[in-house]
Protein chains: 2
Amino acid sequence: MGKQQLIMDKALELFGKQGINDTTVQQIMNECNMSKGAFYLAFTSKDELITALIDRFMIEYTSDIDQMVRNEKGETLLRQFFIYSYHFSLRHQPFTNLYIKEQIHKLNEHLIEKMKYYNQLLNESLYHLVDRLYKHKTEYEKYELVWVIKAFMQIYQKFSFEENGEIDMELFVTSCVEKIDLIATHSKTTFVTEDLMLQIKWNQVKVDELILKKKIMRAMEEIEEPILVQSLQLLHEHLVNKNLPDAVIHGLLQNIQHSIVCKEVRYLYQVYMEQEEHKGASR
Amino acid sequence: MGKQQLIMDKALELFGKQGINDTTVQQIMNECNMSKGAFYLAFTSKDELITALIDRFMIEYTSDIDQMVRNEKGETLLRQFFIYSYHFSLRHQPFTNLYIKEQIHKLNEHLIEKMKYYNQLLNESLYHLVDRLYKHKTEYEKYELVWVIKAFMQIYQKFSFEENGEIDMELFVTSCVEKIDLIATHSKTTFVTEDLMLQIKWNQVKVDELILKKKIMRAMEEIEEPILVQSLQLLHEHLVNKNLPDAVIHGLLQNIQHSIVCKEVRYLYQVYMEQEEHKGASR
DNA sequence: TATAATAATGACTGGCTGGTCATTTGTCAA
DNA sequence: TTGACAAATGACCAGCCAGTCATTATTATA
């Protein structure tokens, strides 16, 4: 295991147990059986470590969800979402603990922005999900369902945090899916209104071409496999020249989808392409 | 305004903005236009301040909810609950911020216990609420509804935190009540099972006679009004001698219900009495 | 083996903060 | 006005911790 990986894993454990502020760099490095100095060879600061941790998990979660929404067949989609989220919570329990306990805000404005950003990515994916299941609903009804889904997902996390009993996954998922469908098909009143939707849209950040380019460059630096590097290069060029047909782009994105480093790039690229398409269509 | 009050108010503001750890005693006292030393005349430590803050609001919230559940007529109960919670969140926005952001855990084990305790009080009140609305349901179905209600309440808090638009109270309440009723009357599958209920009950703390006595004593120290003091005295005696008829107890509890200092006592006393009654009945 | 280059170490620093306490300021009764 | 008592002050202390850097250990190369 690489040094960064090791540090991140041990740090996560300690953060989950003691909270970020009460965990010292010294403690983390003790856990790794390394000197404190070695920490600053792997990360430039404690802040960078925290940011890296959040990125690592939020990228994994949001981009997996997004991919699922894009690929999964309609009916089982909601079910799949809950199952995936359930397993993610379990598999990355230290991160989940950290997430529940340390409800962001620490340190700098920058982290808040980051979390809001990830939340938006998640909201968008979930919106797609709802959109596929309940096409006939209005935009604001769909967005309301997004929030209802998130609320139910939270029940699981909070419940296993507060009470000590573990919820049965199968039951939980089935129950949530049933309840949400009940709401979707029978509920008549919504708290999200058309006006509110407009306000919310104003706040949404777009994927910026510059940022996307930067992300691609950074990914290229960290990667060796020639196919991946070349794929990234072509994707990067396409941003400027728009010279490649959709099928090629699709294939290139397929190439990079299994590398963890590229997950974010793949996801953002996809969102960006849709954004551009939308722009073209509305012009 | 008393010194303690002033400090608590200003502290809350800063805590909500910057987080507990990043707010120094110095900053708080600057805000109060007082010296740092003066802080330690009002509180023995920063920890005590934090504890006092949590107590102040959680007691107000949980005991008000409890009283509401006891007094309100059935049909409007759920609605009342949402309205009250909504207003509480708004009225005490700094505290709500603190609560969402700083998901406890800081400092000592003691605080975690405290929050779990308050959560339990809330759960019990909500259970009563559900019980009155849906008597025919099983225990675990009711407990599941408690969690669904809490989940919906959280939507409001998270929503106004993440998105910037303010939700319309009337719409939100109506929508939640409708959705919960939908679930209560139509949902067929539950994730809370009989087994899980047993586990949960094991974890529940009871109100202890000794603790209750201590709380009464402490309340008496802080209070001057003779009627209140005498009421507390009688209630205290009754714990030992059990010499007063129910009607008298009821009246004494009425006497103290409007004093903030006594809110917790009143509430705990009521719970304690029920507990004892239950003990007697099951013997 | 000698030398250069790289990696790892941990004592140290500087900044910060909770908490203390000798001193000052304010109050009020005689 | 005086003196006694209480309240308020802020300089100071001790402890903590992120981050640095001169020194040491390890590895690669010639």
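The lowest mean pLDDT, 70, falls in helix α6 of chain A, residues 93-101. The highest, 92, belongs to α2(A). Where pLDDT is low, predicted coordinates should not be read in detail.

Chain A is built from helices. It holds 14 helices and zero strands. The overall dimensions were computed next. Taken along the principal axes, the C-alpha atoms of chain A fill a box of roughly 60 × 55 × 35 Å. The radius of gyration of chain A is 20 Å. A compact globule of 283 residues would have a value near 19 Å, so the two agree. Of the 283 residues in chain A, 28% are buried. Contacts with a separation of 6 or more were also examined in chain A. Among these, 65% join residues 24 or more positions apart.

Chains A and B meet in a contact. Chain A gives 40 residues to it, and chain B gives 40 residues. On the side of chain B that touches chain A, the elements giving two or more residues are α6 (93-101), α7 (109-133), α8 (139-162), α9 (169-186) and α10 (194-203) of chain B. Of these, α9(B) gives the most, with nine residues. By class, this side of chain B has 14 nonpolar, 17 polar and nine charged residues.

The relation between the two chains was then computed. Two copies of a chain are related by a rotation about an axis and a shift along it. Here, a rotation of 180 degrees superposes chain B on chain A, with 0.0 Å of shift along the axis. The RMSD of this superposition is 0.1 Å. Because of this rotation and shift, the relation is that of a two-fold axis. In chain B, the C-alpha nearest the axis belongs to Ala151(B) and lies 2.7 Å from it. The same surface serves both copies, as 100% of the contact residues of chain B recur in chain A.

The largest share, four residues, comes from α3(B). By class, the surface near DNA strand D has five nonpolar, six polar and four charged residues.

DNA strand C is likewise surrounded by 15 residues. The closest are Ser35(A), Gly37(A), Thr24(B), Ser45(B) and Lys46(B). Here, two or more residues come from each of α3 of chain A and α2 (25-31), α3 and α4 (46-71) of chain B. The element α3(A) gives the most to the surface near DNA strand C, with four residues. The residues near DNA strand C divide into five nonpolar, six polar and four charged.

Note on methods: Residues are numbered from 1 along each chain as its sequence is written. Chains are lettered from A and ligands numbered from 1 in the order in which they are written. This is a predicted model: local features need pLDDT of at least 70, side-chain atom pairs count only at pLDDT 80 or more; totals for chains, interfaces and linings use all residues. Ala, Val, Leu, Ile, Met, Phe, Trp, Tyr, Cys and Pro count as nonpolar, Asp, Glu, Lys and Arg as charged, and the others, Gly among them, as polar. A residue is near a molecule or strand if its C-beta atom, placed from the backbone, lies within 6 Å of it. Two residues are in contact if their C-beta atoms, placed from the backbone, lie within 7 Å. Copies are superposed by least squares on the C-alpha atoms of residues with pLDDT of at least 70 in both. The radius of gyration is taken over C-alpha atoms; the globule rule is 2.2 Å times the number of residues to the power 0.38. A residue is buried if 20 or more other C-beta atoms lie within 10 Å of its own, exposed if 12 or fewer, and partly exposed in between; C-beta atoms are placed from the backbone. pLDDT is the predictor's confidence in each residue, from 0 to 100.
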